[in-house]
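Trainee: I've got the model open and I'd like to learn how to read it. Can we go feature by feature?

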Amino acid sequence: DAIFIESPTGGQMLVDGGKGAAVLRELGRTMHFFDRTIDVVLATHPDMDHIGGLPDVLQRYAVGQVLISGVEDAGSDNVAFLHAVEHEGLVPHSVRAGEVLSLGGGVFVQVLFPKQDMPDSDQIAASVVVRVVYGGTSFLLTGDAPSGIEQYLAAEYGSGLHADVLKLGHHGSRTSSSEVFLDAVAPQYVVVSAGCTNSYGHPHEDVLQRVRERGSVVRQTCGGRVVFQSDGERVMD
């Protein structure tokens with residue numbers, strides 16, 4: 001996963017960074033050539049395929065703020081990421097449900113999960129879940145949150161989870177994208193972030209079937225970068 005967000009006034013946020021240097025190539029193609037700053041970097045959880053590319057991002061770009069889940073992980077990828085954060089003189093902030101971040105131009109990022117410190121939790125269960133809102137449109141980004149967390153979110157927020165675009169949890173794995181969650185979100189589009197020949201077989205056909213039964217349009221990064229634009233009233237891909 002690597003998701004780049006830019007507000008109408010130029011506020012920028014990177015949610016995760018993939019597993020390697022590919023994120024730099026994509027940022028280079030997306031951002032202006034002379035732009036070497038990113039306001040916010042969010043690491044949803046310390047899995048290699050979400051944070052592996054972030055040390056390169058921190059080295060290449062001047063990052064204003066780093067947000068993390070706060071889950072403890074002694075793995076080499078997380079250690080490298082946190083060392084890179086420290087090297088840039090930044091102090092990571094463990095986000096919690098209820099926090100709202102403004103990217104300017106009317107774009108807000110609402111933190112929906114985790115609600116409290118989860119230092120001893122399985123790292124994917126502690127994935128940061130955010131809802132990006134611009135006018136009457138919204139995007140729900142779930143990291144690798146499993147179905148148990150999805151069910152909690154559906155019970156906690158109900159229709160407040162609705163989003164025009166849903167980034168499917170855990171790359172379309174059958175451990176995520178439960179029926180109750182999809183019903184609450186009711187997305188127009190869903191995005192599967194997975195390589196074409198990934199060894200895990202993502203996305204799972206059961207997940208795609210559940211999505212299609214609800215009339216959502218599927219977009220997959222297997223075919224290349226997925227881009228959405230919003231004018232505050234509707235989302236266009």
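**Reading a helix, a sheet and a residue**

Mentor: Start with helix 4: S76, E86 and H87 are exposed and sit on the face turned away from the buried side of that helix. Exposed means over 50% relative accessible area, buried under 20%, and partly exposed in between (1.4 Å probe, protein chains only). Helices (H or I, at least four residues) and strands (E, at least two) are DSSP runs numbered from the N terminus. Before we go on: this is a predicted model, where local features need pLDDT of at least 70 and side-chain atom pairs count only at pLDDT 80 or more, while totals for chains, interfaces and linings use all residues. Residues are numbered from 1 along each chain as its sequence is written, and side-chain values use heavy atoms, with hydrogens and water left out.

Trainee: Which residues of helix 4 are buried?

Mentor: The general idea: an α-helix has 3.6 residues a turn, so residues three or four places apart point the same way. Here, N78, F81, A84 and V85 are the buried ones in helix 4. Down the axis of helix 4 they fall within an arc of 125 degrees, so they line one face; the arc is taken from the directions from the helix axis to the C-beta atoms.

Trainee: What do the buried residues of helix 4 pack against?

Mentor: Helix 2 (48–51), helix 3 (54–60) and strand 4 (62–68), with contact meaning heavy atoms within 4.5 Å. After helix 4 comes G89, with a positive phi near 75 degrees.

Trainee: On to the sheet: what is the order of its seven strands?

Mentor: Strands of a sheet pair through backbone hydrogen bonds, either parallel or antiparallel. This open sheet runs 6-7-8-9-10-11-12, with mixed pairing; two strands pair if DSSP finds at least two bridges between them. Strand 6 (100–104) and strand 12 (217–220) are at the edges with a single partner strand each, so one side of each has no neighbour in the sheet. Strand 11 (residues 189–192) and strand 12 run parallel, joined by four bridges, and V191 has R219 in strand 12 as its bridge partner.

Trainee: Is T137 buried or exposed?

Mentor: T137, in strand 9 (residues 137–141), is buried, at 2% relative accessible area. Its side chain makes a polar contact with the side chain of S230 (2.7 Å). That term means a pair of N or O atoms within 3.5 Å; within protein, one must be able to donate a hydrogen and the other to accept it, and residues adjacent in sequence count only if both atoms are side-chain atoms.
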